[in-house]
Amino acid sequence: MKMTKSFVATATNAIIATCVAGSAMAADIYVIGGKPDDPFWSRVKMGAEDAGIVAEMQGGSVTWLGPQNYDNLGPDAAELIRQAIDQGADAIVGPDWVPEAMDPAFEAVVAAGIPLVIYNAGGMEATDKLGALNYVGAVDYKSGFAAGEYLGNAGKTNGACVNTLPGAANIEAFCAGFNAGIEAVGGAGSVLQLPATSFGDATAVAQAVRAHLLQNPEIDALFAIGDADTNAAVSGIQQAGKADQVSICGMNFNESILANIQAGTQACAIDQQGYQQGFFAVSILNNYVNYGVTIPTREILTGPGIIDSSNVELVIEGVKAGAR
Amino acid sequence: MTTQNTEQANGLSFGSIIRRPETGSLIGFLVVYIFFAALGGAVFLGAPGWSSWLNIAAEVGIIALPVGLLMISGEFDMSVGSVVPASSMMAAILCGHYELPALVGILGGLSVGLLVGLVNGLIVTRTTIPSLIATIGTMFAVMGLTLGLAVLIKGSTSVSYIPDATTKQLLGSFVGGMFNVSIFWWIGFVVVYFFFLHLSPFGNWVFALGGDRESAKNAGIPTDKVTMGLFMASGFGAAFVGIAQVMTYQAAQVAGGQSFIFNSIMCVVIGGVLLTGGAGSVIGILLGTMTFAVVNQGIFFASLDPNVGSIIIGVLLLVAVLSNDTFRALAMNYATKKK
């Protein structure tokens, strides 16, 4: 296994070296991502295309390959990867959403000597396993950690993570990160677990938050795991009459959340910054193919990006431009 | 199953009170309230505690009332779970995306509920599909339509809408910073449904339908119209809650609302409505809803593990059905002896 890997790596390097040796070559970069009309992925696509401006100036191109729908995600995405190989890609960017279905296709990319960057999903684990150059994306645990640290640094000492989906691995990672983050700056962290009967019900989330705050007056910081939950928790804080004492950060954002940050009812929102994922993945590959330069930092984190009162106006401009 | 007219119990002797169908629900409510009051302490007994569980009760209650009437008439409605997000999404898209006046969004959202109710009613009365299956079908269809249309129009699974001050005041504000206006709407709905079921002549039609549909039809009751009306009422209730949620939380989600399906049925059953139809009361449903909400919120005040709350609700449901049967048997025995 290890031998195959190092053989593949050597082969890749050899092929790249041959290509790079003959003056600067134009990089035709294929990016596999979500549906172009998916709001998150449209930002990733914009980042990829903005980085593509440089590639085009150098005679290359950036092509976006997205599935029509998400009904058959793994196999569809694997098919797109093979399509990119067949179309003669000089470099490929892809998310490792469904490793079982997609890894054989990614292995074919590496075997064909095409430089590969994994982004958005998969992390360093998939990157190392597949022999890809790098990983560009966010990590759930670190997103939670950033929120805990932010609130701790703002003078909060007792935080609770509102877990509306106990048992889901990414949510548990958010909460574990949040508690570790606030503990790292000297505070205490806990988890408010909601019963299954309240999932998806904003009123149930708001009332649970409110009851928890009234019963645990020492809590002065909250972390919510999504934009809907954050809106509900903000209402819960207000109903508990604790808007002055309790600060809240939440994952992701929408218009109401940006308005809340402007109004001061929400301290911060954590964003994984999809634009950066597309932009850096394409840039890394373009520079690598053209000049053979690398980014020695492995695991390029695009998140957590923190949105608070200091930069909310800038974020609103970014939303208008379509980049956020 | 015999039809039951709660009007006849006019004398307020101890015997007649204990044989009233609501007695079991009242005892259940008191036991649960005292249990959580003992654990939750002063905060739970005060205004914050009351508003906390009343806010929960109001929303599920607005849905549980018509769902309860449907169950008295012998039908189920599972589609409420997807009408809640569908109507809130409709309102948010009309007002937040197309920037139409709030009233248009509210009417649009409510018509989604009425329309789904009409479709449910037509399927149940025109075909032989049982209402449980028919409404599961419409639930999934509406869920899919909501997701599809939201993504098509807005390109997103959540739509934000910040309502104007008057709309917010009427549908999404908190009186005294605590009591959701939905509580007052709920009280209004209770009065209307109480009048309809127990005071107006139509109430007996509902009981008759649940007792024996064929006999009811033969007796000249327009059974199909009553059934369709009740389905539309439950669609309306669910849509109302969906709209109130947009106005309160300023965003609509395509998912969510599924919890209302079982929660509303639990409120109704804890409130003494017979699952096979023919028996139940608005006061019972009200008490059942209050009991459900006290348990749901009480666990947070009592600092119990939230899963314990689910266990209590589960046990409560079983106890409610058993005790309802006991009370009904008591009442029946007494009535037979008197002859």
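**Backbone, helices and contacts**

Colleague: Between which helices of chain B does the loop with Glu99(B) lie?

Modeller: This is a predicted model, in which local features need pLDDT of at least 70 and side-chain atom pairs count only at pLDDT 80 or more, while totals for chains, interfaces and linings use all residues. Residues are numbered from 1 along each chain as its sequence is written, and chains are lettered from A and ligands numbered from 1 in the order in which they are written. Helices (H or I, at least four residues) and strands (E, at least two) are DSSP runs, numbered from the N terminus. The loop that holds Glu99(B) lies between H4 and helix H5 (102–126) of chain B.

Colleague: Is Glu99(B) buried or exposed?

Modeller: A residue is buried if 20 or more other C-beta atoms, placed from the backbone, lie within 10 Å of its own, exposed if 12 or fewer, and partly exposed in between. Glu99(B) has 9 C-beta neighbours inside 10 Å and therefore counts as exposed.

Colleague: What is the phi of Gln273(A)?

Modeller: Most residues other than glycine have a negative phi. Gln273(A) lies in the loop between strand S10 (268–271) and helix H11 (274–291) of chain A, and is buried, with 23 other C-beta atoms within 10 Å. Although Gln273(A) is not a glycine, its phi is positive, at about 55 degrees.

Colleague: How many of the 14 residues of H6(A) are buried?

Modeller: Helix H6 of chain A comprises residues 140–153. Among its buried residues are Phe145(A), Tyr150(A) and Leu151(A). H6(A) is largely enclosed by the rest of the structure, because the number of its 14 residues that are buried is eleven.

Colleague: Which helix gives the largest share of the side of chain A that touches chain B?

Modeller: Two residues are in contact if their C-beta atoms, placed from the backbone, lie within 7 Å. By this criterion, 33 residues of chain A are in contact with 35 residues of chain B. The elements that give two or more residues to the chain A side are helices H8 (202–215), H9 (227–239) and H10 (255–263). The largest share, ten residues, comes from H8(A).

Terms used:
The expected span of a helix is 1.5 Å times one less than its number of residues.
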